[in-house]
Amino acid sequence: GLTLALIFVAIILVFRDVLPDIVKDLSTVPFWGVLLLLALGFAYEVMESVLCLVIIHHKKPDCTFIDALRVTFLGVFGNITTLGAGTLPMQSFYLYRRGLDAGSGLGIMASEYVLHKISVLIYATVALLLGGDWLEQSASGLARYLLIGYVIGALIVIALTLLYTWDKVLKLVLMLLGKLPHTPKWDERREKWANSLTELNREAKKVLLVPSIRVKGIAVSLVKLFVLYSIPYAALRLVGCTALNFAQAQLLASLMLLITSALPNVAGVCPMEFAFLLLFAPWADTAIVSSALVLYRVATYFFPFLLSVIVFLREEKKSL
């Protein structure tokens with residue numbers, strides 16, 4: 001309830017000045033357009049499930065696509081309702097019920113996260129190499145900040161990947177944790193964080209160091225991102241913005257996701273809204289971009305969350 005209240009407040013704050021115009025723009029969106037966006041949003045979650053299945057099959061070949069789909073939507077539910085804290089426990093518990101020990105479950109989820117982040121970096125890099133000249137010429141003031149955001153996002157992705165796969169980086173992080181204040185409260189936190197990082201590193205390496213999983217996982221993730229990055233283009237077209245072609249919208253969307261991964265968020269709210277408006281505003285007025293943002297969030301946030309509630313309630317009923 002608190003999470004949804006925060007989301008509602010964030011939406012009001014972001015759109016308060018252009019709310020009448022947004023309502024007007026959204027009223028012109030055809031029903032088929034809404035269905036298209038919802039289909040793309042669902043397709044993204046399906047591809048996320050395919051990635052999950054690629055990794056799960058390494059540990060437990062008899063797991064099905066439906067299992068992976070449930071794991072994905074339990075992750076969506078946990079991320080939103082528990083502000084991210086319950087995501088791994090929910091997914092790991094489901095996998096435990098399917099016969100995987102807790103450590104394997106954590107390793108699967110950590111590996112999926114790392115492969116996703118690596119793919120985000122690869123996609124943004126290729127898109128920037130292909131479309132960087134256009135971005136520099138059409139929005140030179142914005143390009144400077146985007147490049148800074150790209151570098152920060154890239155460093156974070158590389159650091160996370162090394163933390164999960166390279167023991168030397170893990171030892172460095174554990175050494176830095178040892179520099180924290182030595183009080184009972186901080187000692188407890190330090191021990192908890194150190195144990196979690198060590199276990200994640202140990203289990204993730206069992207998956208990420210397998211070449212076939214890396215190749216398949218990144219390939220699936222790139223397709224998944226292609227679907228995700230198509231949604232802003234579709235949303236902008238549906239509300240009347242024709243200033244960007246498909247490739248240009250893909251470039252901006254890829255940079256948007258890379259930059260938001262470097263910003264703090266609560267249940268996935270705030271950085272995405274900020275980045276969407278920042279990146280797409282130069283090519284349309286505020287009301288149009290805000291309307292497209294509403295459509296984008298419906299397809300990628302609220303609709304998946306609704307489906308995740310259904311999955312969670314079904315699993316809760318089975319548990320009882």
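The protein has 13 helices and zero strands, where helices (H or I, at least four residues) and strands (E, at least two) are DSSP runs numbered from the N terminus. Its order along the sequence is accordingly α-α-α-α-α-α-α-α-α-α-α-α-α. This is a predicted model, in which local features need pLDDT of at least 70 and side-chain atom pairs count only at pLDDT 80 or more, while totals for chains, interfaces and linings use all residues. Residues are numbered from 1 along each chain as its sequence is written, and side-chain values use heavy atoms, with hydrogens and water left out.

As for overall dimensions, the C-alpha trace spans about 50 × 45 × 45 Å along its principal axes. The radius of gyration of the protein is 20 Å, which agrees with the value near 20 Å for a compact globule of 320 residues; the radius is taken over C-alpha atoms, and the globule rule is 2.2 Å times the number of residues to the power 0.38. Of the 320 residues, 48% are buried, a class that means under 20% relative accessible area, with exposed over 50% and partly exposed in between (1.4 Å probe, protein chains only). Among contacts with a separation of 6 or more, 75% are between residues 24 or more positions apart, contact meaning heavy atoms within 4.5 Å.

The axes are lines fitted to C-alpha atoms, for helices over the stretch in contact, and the angles run from 0 to 180 degrees between N-to-C directions. On the α3 side the contact is made by Leu37, Leu38, Gly41, Phe42 and Glu45, and on the α13 side by Leu295, Val298, Ala299, Phe303, Pro304 and Leu307. By class these residues divide into nine nonpolar, one polar and one charged, where Ala, Val, Leu, Ile, Met, Phe, Trp, Tyr, Cys and Pro count as nonpolar, Asp, Glu, Lys and Arg as charged, and the others, Gly among them, as polar.

A further pair is formed by α11 (residues 246-260) and α12 (residues 271-280), which pack at an angle of about 145° with their axes 9 Å apart. Here Ala249, Leu252, Ala253, Leu255, Met256, Leu257 and Thr260 of α11 meet Pro271, Met272, Ala275, Phe276, Leu279 and Phe280 of α12. The contact of α11 with α12 has 12 nonpolar residues, one polar residue and no charged residues.

Helix α12 also holds leucine 278, which counts as partly exposed at 36% relative accessibility. The C-alpha atom of leucine 278 is separated by 18 Å from that of threonine 242, 36 residues apart along the chain.

Isoleucine 158, in helix α7 (residues 140-165), is partly exposed, with a relative accessible area of 42%. Between the C-alpha atoms of isoleucine 158 and tyrosine 296, which are 138 residues apart along the chain, the separation is 28 Å.
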